Amino acid sequence: MSGFEGWVLTYLVNSVWQIPLLLGAGWVAARALRPLGPGAEHKVWAGVLLGEALLPATSLLPPAWLRTRLPWAGAEAGGLGHVSVTMGAGTVAGGAHLSLNLWLIAALGYGGVTAWFALRFLWRWTRLSALRRESAVVEPEGEAAEPWARCAERFGVGAIALAASPRIFGPVTMGFFRKTILLPPGMPARVGEAEWSTVMAHEFAHIRRNDFLKNLVYEALTVPVSYHPLVAFTRERVTASREMVCDRMAAEMTGTAQYARSLLRLAAALSGAAPGRVPHALGIFDTKLLERRLMQLTEKRKEVRGMRRWAILGACAVLGAATCGSALALRMDVNGGAGTVDNKAPVQPTGPIAVKSGIMAGQRIGGPMPVYPKAAKKARIQGTVILDVVIGKDGSVTELSVASGPKELRQSAQDAVHDWKYKPFLLNGDPTAVKTTVHVVYSLEK
């Protein structure tokens, strides 16, 4: 197994189990912090999404580097320990060794899926750029100009463009250098003043928070783990909590009751339009959880203060630290070599380690085949020569001795095996010398 293949599989194997672990901890923390408002809940889900993207990548760091900086991530044999999984190849009968590397197939499959998500991300970006180019810039006029100016002043943002496009069904925000609010054609004239103020306040809240840039970063970072269905679930939670944060910010400007009624009327007015979410852009109806958004706006929530607030925050912080610490401590390394799982702290051996012959057969990458001695063939001498072999860190044979086998066949086996070449055997990511046996079978046709 090559180093790159091992890195890919290490990332994949760790992401499979670390993502559910993070999601479970995030769900508990989000529920606990819900009384503190949508802002706290959104920070939890954004943190979970970033953790799902970045935490599996820490498994690619050298184990020694992690142990020196994070002693609790596998330093003591009696602790949680470092988990090292090494994969080897099988053999088939008949004297020939065949490696059917299912792990290579898994790595290639994962690479193909990830490449598809990356291409989809880029295609959506080009689609968004085309949408911007095809849109028509408009100027807020008449009654529409006053809410626009009031929002710009209230949220402290300027140089915002307003454009119209027939390819969308509701208002959306896009751009981080050239921020743009995109509307369906004629929308300011089709909705009332209260609804227009609601739209503007909500979209300006997105701009004030730089949500478009954040959303783009989230999308890019999660490309390597987009294969995991729970990542999509986390994204939905991030989107829903983000919309509730913007609802709160907009309601502070327009008034909670008026904002909730206007939001409901907007949803009813736009319900007949064909839904067409704009990739990477942010819209007022990005999430389908309209009922919950209205409830969190109108419900009377008792503010949590003092020691109880700090206790909730402290408990969630401890939960997050414990979850990330456990994920790092139990991380798994996938390397080429023996099929063993070591739950203790990895220690580099001082001498060669013993590896089964079948495992090392799959590690062989070159060398001459033994030549059947003519005298032995004429005398019809058959049998198996067993050699005790030490393979160095570079994969070359450094020591060789005969354990058993017909005397007439031993030299032939030694001459060939002495020049064999193997892939370096990795232990905890580091090349190490191994001792093994080689079986050279000599047989004559009947």
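A polar contact is a pair of N or O atoms within 3.5 Å; within protein, one must be able to donate a hydrogen and the other to accept it, and residues adjacent in sequence count only if both atoms are side-chain atoms. Keep that in mind for H228. The side chain of H228 reaches the backbone oxygen of V16 at 3.2 Å.

This is a predicted model, where local features need pLDDT of at least 70, side-chain atom pairs count only at pLDDT 80 or more, and totals for chains, interfaces and linings use all residues. Residues are numbered from 1 along each chain as its sequence is written, and side-chain values use heavy atoms, with hydrogens and water left out.

Begin with the whole chain. It has 15 helices and 16 strands. These are DSSP runs, numbered from the N terminus: helices are H or I with at least four residues, strands are E with at least two. Of the 446 residues, 46% are buried. Buried means under 20% relative accessible area, exposed means over 50%, and partly exposed lies in between (1.4 Å probe, protein chains only). Take the contacts with a separation of 6 or more: 79% of them join residues 24 or more positions apart. Contact means heavy atoms within 4.5 Å.

Now return to H228. It sits in the loop between α8 (211-221) and α9 (229-254). Is H228 buried or exposed? H228 is buried, because its relative accessible area is 9%. Leaving out residues up to four places away in sequence, H228 touches S15, V16, I19 and P20.

Next, the surface. The chain exposes about 22,600 Å², and carbon and sulfur atoms supply 62% of it. Accessible areas come from the Shrake-Rupley method with a 1.4 Å probe; for residues, only the protein chains shown count as cover. L54, L213, V217 and L221 make a nonpolar surface patch of about 300 Å². Helix α8 gives the largest share of this patch, three residues. L213 is in α8. L213 counts as partly exposed because its relative accessible area is 37%. Like charges are joined within 9 Å, and nonpolar side chains (Val, Leu, Ile, Met, Phe, Trp, Tyr) within 5 Å.

Last, a sheet. Four strands form an open sheet with mixed pairing, in the order β9-β16-β11-β12. Its edge strands, β9 (353-354) and β12 (397-404), each pair on one side only. Two strands pair if DSSP finds at least two bridges between them. Six bridges join β11 (residues 383-391) to β12, and the two run antiparallel. I386 has S404 in β12 as its bridge partner.

Note on methods:
Patches are made of residues with over 30% relative accessible area and no salt bridge: like charges are joined within 9 Å, nonpolar side chains (Val, Leu, Ile, Met, Phe, Trp, Tyr) within 5 Å. A salt bridge is a side-chain nitrogen of Lys or Arg within 4 Å of a carboxyl oxygen of Asp or Glu.
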